[in-house]
Amino acid sequence: MTKIEFNTMVLRQASSLRSYALHFTHDADDANDLVQDTMLKAITYYNKFKEGTNLKGWLYTIMKNTFINNYRRFVKMSTFVTKSEEISSANLVFSSTKNQGEAKFVMDDIRRALDKLPEDYYVPFTMYFEGHKYHEIADHLTIPIGTVKTRIHVARKLLKKNLKAYDNGVKKPIYAEEE
């Protein structure tokens, strides 16, 4: 079979290829592009076609593989490249403000505030924060439970004062305000 005969046979399959392409793309323009890519590959690699085999099946296989490869390429590119007009201002705000950098600053400030606590307040507060009960802290430090509660309360007040920058201005209920 000559190349011209092969090209003619491929061109005769264009309408059935278009129907098959619509099955994949669900869009007429994309289907036409897929048919064009399929026919170009078929004509380019006509020497790979074995005469006497099913031409339509061979073309359908080329089309299916072309569609899959294009889809994979599209997915790969869209995960790496985002066009600037696709990023909304809400997403920009989220990506610039909700990151681990902010959390690191907050944690550093909390550590500094804890380090400023006198040891009499630091130890009971950290033990309580780690989940120890008042009586366990009292036994460990050999002090009365009332003293443990007072030291934890004072530690909270000192931390609140040292971390005032993080007070978001939300009004607390009256019963929660300290005098």
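## A threonine in helix α3

Let's start with threonine 38, which sits in helix α3 (residues 28-44); helices here are DSSP runs of H or I with at least four residues, numbered from the N terminus. This is a predicted model, so local features need pLDDT of at least 70 and side-chain atom pairs count only at pLDDT 80 or more, while totals for chains, interfaces and linings use all residues. Residues are numbered from 1 along each chain as its sequence is written, and side-chain values use heavy atoms, with hydrogens and water left out.

Is threonine 38 buried or exposed? Buried, with a relative accessible area of 0% (buried is under 20%, exposed over 50%, partly exposed in between, using a 1.4 Å probe and protein chains only). Setting aside residues up to four places away in sequence, threonine 38 touches Leu59, Ile62 and Met63, where contact means heavy atoms within 4.5 Å.

Over in helix α1 (residues 3-12), the buried residues include Phe6, Asn7 and Val10. They span an arc of only 100 degrees around the axis, so they share the same side of α1; the arc is taken from the directions from the helix axis to the C-beta atoms. On the face turned away from that buried side you'll find exposed Ile4, Leu11 and Arg12.

The largest nonpolar core has 17 residues, and Val10, Leu55, Trp58, Leu59 and Met63 touch the most other members. Such a core is a set of buried Ala, Val, Leu, Ile, Met, Phe, Trp, Tyr and Cys residues joined through side-chain atoms within 4.5 Å. Helices α1, α2 (14-25), α3 and α4 (55-80) each give two or more residues to this core. A second, separate core of 12 residues includes Ala113, Leu114, Ile137 and Ile152.
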